[in-house]
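Subject: Structure handover

Hello,

Please find the structure below, together with notes on what was found in it. The notes take the sheets, the helices, the domains and the chain contact in turn.

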Amino acid sequence: MIISVASGKGGTGKTTIATNLAVSVGKDVQILDCDVEEPNAHLFLNPSIIETEKVMAPIPEVDETKCTYCGKCADICRFRAIIVLGETILTFAEMCHSCGGCMKVCPEGAISETGRELGIVERGNRNGVGFVHGRLRVGEAMSPPLIRKVRSFTNPELLTIIDAPPGTSCPVITSMKNSDFVLLVTEPTPFGLNDLMLAVEAVRILKMPHGLVINRSDIGDGQVKEYAAKKNIPVLMEIPFSRKIAEAYSRGQLIVDAMPEWRDKFLGLYHRIKELAN
Amino acid sequence: MKELVIISGKGGTGKTSIISAFASLAENKVLCDADVDAADLHLIASPQIDQRNDFMGGNKAFIEERFCTECGLCHELCRWNAINDDFIVDNLECEGCGVCVYFCPEKAIEFPVQNCGEWYISKTRFGPMVHARLGIAQENSGRLVTLVRQEAKKLAEKNNLDLIITDGPPGVGCPVIASMGGASAVLIVTEPTVSGRHDMERVAQLAAHFKVPAMMSVNKFDLNTDQTLSIEKYAETKGIAVLGRIPFDTALTKSMVQAKTVIEYDKDSVSAQAINTVWKQISKYLNDN
């Protein structure tokens with residue numbers, strides 16, 4: 001089973017929920033941190049990293065001894081990553097989307113592929129909880145190919161928990177595609193509600209079952225709950241604001257380590273999700 | 001003309017609440033919400049939309065069934081597995097590269113441009129504002145960010161305003177890169193947590209990579225003063241101007257619930273006073289540099 005933890009708004013507690021859920025389940029579980037722009041799960045899990053892999057995106061390399069400057073490559077490229085000016089051909093690695101069109105269209109076979117580093121994927125575990133995350137190279141714009149690489153380590157034998165990035169655009173969709181359940185984490189404030197509504201639209205486009213965790217449930221107002229009731233979205237867990245939780249979080253400590261009584265609540269959350277996903 | 005872009009790396013550190021307060025404090029400015037993926041500034045600024053525009057993003061392939069001979073070439077060429085065995089294109093997977101369109105021997109593939117969202121020019125009680133809404137599950141957020149920033153600049157020029165305050169997106173990827181290019185300075189708003197620190201370091205590296213001067217302020221600093229101190233030390237070693245700290249204060253949430261800035265809600269609250277100090281430091285920085 002694949003459970004994605006998503007939110008729309010950043011900083012609502014996705015990583016907190018994903019990591020505490022994974023550790024509470026404890027075995028036959030893996031966590032995939034797909035927030036490759038700002039991965040945080042490792043800060044709370046401290047996994048031992050067993051393997052580090054550089055992830056490359058294919059980009060064109062032109063052999064100018066073969067190039068006749070016909071310009072077909074520049075015509076096919078939708079991303080202005082290759083241009084021909086008279087007898088000069090230029091490639092712009094950071095613009096390239098790796099479609100391979102230029103290489104395919106070149107009549108002289110002058111274009112081959114080399115790589116641009118997108119970032120790294122690191123794999124390991126913590127006390128039996130499998131761990132995979134991606135780290136986008138600072139300066140790299142395109143996260144979806146790196147997210148796909150992280151997702152490729154989904155093990156169908158295990159419970160897979162995906163920590164998704166915030167927002168509702170392509171990186172989020174790439175992260176949570178084909179999940180059996182999406183756990184939406186929000187806070188009961190106008191910003192939380194606005195971004196939750198966007199996230200719910202995204203999840204409904206993907207037609208995936210979903211439920212809600214309300215974090216810092218006693219701040220703000222009652223509008224998130226009213227919205228959830230109106231839209232028939234089950235509220236699966238509420239975590240009241242607590243200075244103790246906030247301080248534990250600030251140090252990188254899991255809730256279930258700081259307050260072990262929460263472990264049963266997270267296990268309860270997992271069982272509710274299992275019922276709803278089927 | 002100066003443009004200040006507020007970013008954070010990590011989401012939820014208080015960027016939008018702080019910008020709203022700046023909106024109350026700053027004069028002669030345009031507000032620009034470049035967090036097009038999950039925009040929130042309008043919830044406080046309550047804009048009256050004067051102009052609504054479509055955002056046309058990239059193209060997507062569409063196979064005309066009546067011309068398709070199912071030769072399979074498109075399927076083979078597509079690097080995103082966006083074309084299934086029944087020769088239907090999955091819009092969510094299609095990258096818009098047009099390779100299938102170019103090579104289809106039957107010319108059976110259309111390539112319509114997509115409406116990926118909307119952008120707006122509005123009036124607010126703080127002055128003009130440019131904002132946008134990226135369509136759900138859409139791409140090209142970077143292009144939309146660039147567009148709203150260009151429009152904010154035009155609007156400032158037209159109205160003789162000398163400052164743009166831009167609410168940036170979280171993360172370090174495409175939309176963030178688009179939000180900071182050519183800015184006068186970025187303000188990094190972080191929080192004293194291990195994740196706040198981790199994400200601040202990455203976004204600070206990004207600002208350095210693109211050579212944009214950076215300032216930093218720690219929000220909710222009293223949640224962990226040791227962490228606050230260590231973050232500020234890190235920032236100093238990287239040449240980032242460390243501004244005043246902002247305490248944890250429920251007035252920020254309460255003001256948000258009332259759709260007010262914290263300055264409007266309670267200008268004597270501890271957070272309002274701290275943000276006022278930070279704003280004075282920023283104004284001075286922007287004037288001096």
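**Sheet of chain A**

In chain A, nine strands make up an open sheet with mixed pairing, in the order β3-β6-β7-β2-β8-β1-β9-β10-β11. Helices (H or I, at least four residues) and strands (E, at least two) are DSSP runs, numbered from the N terminus, and two strands pair if DSSP finds at least two bridges between them. At the edges are β3 (48–62) and β11 (235–239) of chain A, each of which pairs on one side only. From one strand to the next, the twist averages 20°. Axes are lines fitted to C-alpha atoms, for helices over the stretch in contact, and angles run from 0 to 180 degrees between N-to-C directions.

This is a predicted model, in which local features need pLDDT of at least 70 and side-chain atom pairs count only at pLDDT 80 or more, while totals for chains, interfaces and linings use all residues. Residues are numbered from 1 along each chain as its sequence is written, and chains are lettered from A and ligands numbered from 1 in the order in which they are written.

Within the sheet of chain A, strand β2 (residues 29–33) and strand β8 (residues 159–163) pair in the parallel sense over five bridges. A:Leu32 has A:Ile162 as its bridge partner in β8(A).

**Helices of chain A**

Helix α5 (residues 144–151) of chain A lies across β2, β3, β6 (111–126) and β7 (129–136) of chain A, and runs at about 165° to β7(A). α7(A) lies across β1 (2–6), β9 (181–186) and β10 (210–215) of chain A, at about 170° to β9(A).

Helix α1 (residues 14–25) and helix α11 (residues 262–277), both of chain A, have axes that come within 9 Å and cross at roughly 95°. α1(A) is therefore roughly perpendicular to α11(A) (65 to 115 degrees; under 35 is roughly parallel, over 145 roughly antiparallel and the rest oblique). On the α1(A) side the contact is made by A:Asn20, A:Leu21, A:Ser24 and A:Val25, and on the α11(A) side by A:Trp262, A:Arg263, A:Phe266, A:Leu267, A:Leu269 and A:Tyr270. Residues are in contact if their C-beta atoms, placed from the backbone, lie within 7 Å.

**Chain B**

The open sheet of chain B has nine strands in the order β3-β6-β7-β2-β8-β1-β9-β10-β11, with mixed pairing. Its edges are β3 (48–59) and β11 (241–242) of chain B; each has a single partner strand, so one side of each is left without a neighbour in the sheet. Strand β2 (residues 29–33) of chain B pairs with strand β7 (residues 127–134) of chain B in the parallel sense over two bridges. B:Met129 in β7(B) is the bridge partner of B:Leu31. Helix α1 (residues 15–25) of chain B lies across β1 (2–7), β2, β8 (163–167) and β9 (185–190) of chain B, running at about 160° to β8(B).

**Domains**

Domain bounds come from an automatic or database domain assignment. For chain A it gives domain 1 (2–55 + 120–277) and domain 2 (64–109), with C-alpha centres 40 Å apart. For chain B it gives domain 1 (2–56 + 117–288) and domain 2 (67–111), and 41 Å separate their centres, taken over C-alpha atoms.

**Between the chains**

50 residues of chain A are in contact with 49 residues of chain B. On the chain A side, α4 (101–105), α6 (170–176), α7 (190–205) and α9 (243–251) each supply at least two residues. α7(A) gives the largest share of that side, eight residues.

Regards

Conventions:
Two residues are in contact if their C-beta atoms, placed from the backbone, lie within 7 Å.
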